[in-house]
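Here's a quick briefing for anyone meeting this structure for the first time. Have a look at the sequence and the fold, then read on.

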Amino acid sequence: MFFDFFNHTDINKGVEEWKNTENAILLDVRTKEEYNDYHIDGSLNIPLDHLDTVNQSITDRNAPIFVHCLSGARSAGAARYLKTQGYNNVKNIGGINAFKGEVV
């Protein structure tokens with residue numbers, strides 16, 4: 001897990017991959033307030049401090065899940081947590097602060 005720190009994540013590539021992956025979920029783990037300020041259209045918001053409720057929204061443990069937050073730190077922790085909960089296809093794509101696309 002220590003080496004995850006050195007993996008470069010690119011939210012722009014991650015969002016493109018999400019768009020091109022069937023049945024994929026774009027999971028935003030920022031707070032509700034941050035999400036309401038702006039977010040990527042089509043994303044699902046489950047704040048990191050409510051991630052223990054993820055099984056209520058994402059029932060398919062094999063669904064491709066692309067996780068992001070503001071900078072990439074919270075999403076890294078969220079991705080690790082999801083994997084411990086049996087989600088098999090989870091990818092941390094970093095922080096929305098580096099996103100070059102449109103937000104709503």
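L27 has L44 in β2 as its bridge partner. That belongs to the parallel pairing of β1 and β2, which runs over two bridges (strands pair if DSSP finds at least two bridges between them). This is a predicted model, where local features need pLDDT of at least 70, side-chain atom pairs count only at pLDDT 80 or more, and totals for chains, interfaces and linings use all residues. Residues are numbered from 1 along each chain as its sequence is written, and side-chain values use heavy atoms, with hydrogens and water left out.

**The sheet**
- Four strands form an open sheet in the order β2-β1-β3-β4, with parallel pairing; strands are DSSP runs (E) of at least two residues and helices (H or I) of at least four, numbered from the N terminus.
- β2 (44–45) and β4 sit at the edges, each pairing on one side only.

**Helix α1**
- I11, G14, V15 and W18 are buried in α1, residues 11–19 (buried means under 20% relative accessible area, 1.4 Å probe, protein chains only).
- Those buried residues line one face of the helix, because they fall within an arc of 100 degrees seen down its axis (taken from the directions from the helix axis to the C-beta atoms).
- Their cover includes β1 (25–28), β3 (65–69) and β4 (90–95).

**Helix α4**
- α4 (residues 73–84) lies across β1, β3 and β4, running at about 145 degrees to β3 (axes are lines fitted to C-alpha atoms, for helices over the stretch in contact, meaning heavy atoms within 4.5 Å; angles run from 0 to 180 degrees between N-to-C directions).

Definitions and conventions. Buried means under 20% relative accessible area, exposed over 50%, partly exposed in between (1.4 Å probe, protein chains only).
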